[in-house]
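Please look through the following structure together with its sequence. The briefing below takes up its salt bridges, its nonpolar cores and one of its helices.

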Amino acid sequence: MKIRTRFTLLFTFIVGIIIFFFSLSIYYLSEEYRQSDFQSRLQDRAVARLKLFLVARTDTKQLLQKNKEDHLYSLINENIIIYDENYNILYFDNQTYKPNAGSLANVKQKGKDTYKTGDNEIIGFNYNHQGKSYILYASAFDKYGTRYVKNLRKILIVRGFILFF
């Protein structure tokens, strides 16, 4: 094998490895950003729901349902639960998910807890409002974010195959 051919193959291999790690980092950072952005949106929704609940103690179901419908970007399977500091439920959207006592104590101790059950991502966090402490749980399915990351993964894989063949 000529030295020129050997250097060409070595260069191709090194560039391929660099592009592979670059693609891997793009995918990883995109997934991290998606999770962070979605958790931030869930927190914002839960805080808005809490403030609305506290302002409108009368006829809250109708007012909260109207607020839910007014959001421009609806979240799939959205569920928000509001607890007071004594773990009493003040508000819930539906009964599909209810955290256990251990999870509530974990949120109260750490301040924030995130996890996933099935397709839904769940965030529980403490929130202080007007001197009172509340524990809020918000869960939903990030259809658009997960679709974006899946498409990105497909693009990076196809580009990798094109590069090597």
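Is Asp142 buried or exposed? Asp142 is buried, with a relative accessible area of 4%, where buried means under 20% relative accessible area, exposed over 50% and partly exposed in between, for a 1.4 Å probe and protein chains only. The model is predicted, so local features need pLDDT of at least 70 and side-chain atom pairs count only at pLDDT 80 or more, while totals for chains, interfaces and linings use all residues. Residues are numbered from 1 along each chain as its sequence is written, and side-chain values use heavy atoms, with hydrogens and water left out.

**Salt bridges**

- The structure holds 7 salt bridges, each being a side-chain nitrogen of Lys or Arg within 4 Å of a carboxyl oxygen of Asp or Glu.
- Asp142 forms one of them with Arg41, the closest N and O atoms being 3.5 Å apart; Asp142 lies in the loop between β5 and α4 (143-164) and Arg41 in helix α1, so the pair ties together parts that are 101 residues apart in sequence.
- Helices (H or I, at least four residues) and strands (E, at least two) are DSSP runs, numbered from the N terminus.
- Salt bridges that share partners join Glu31, Arg34, Asp37, Arg41, Glu121 and Asp142 into one network.

**Nonpolar cores**

- A nonpolar core is a set of buried Ala, Val, Leu, Ile, Met, Phe, Trp, Tyr and Cys residues joined through side-chain atoms within 4.5 Å.
- Of the 18 residues in the largest core, Leu42, Leu50, Ile82, Phe125 and Leu136 touch the most other members, and the largest share of this core, 7 residues, comes from α1.
- Apart from this core lies another, of 8 residues, among them Tyr83 and Tyr137.

**Helix α3**

- In helix α3 (residues 101-110), Ser103, Leu104 and Val107 are buried; they cover an arc of only 100 degrees around the axis, taken from the directions from the helix axis to the C-beta atoms, which puts them on the same side of α3.
- On the other side of α3, Ala101, Gln109 and Lys110 are exposed.
- Gly111, which follows α3, has a positive phi, near 100 degrees.
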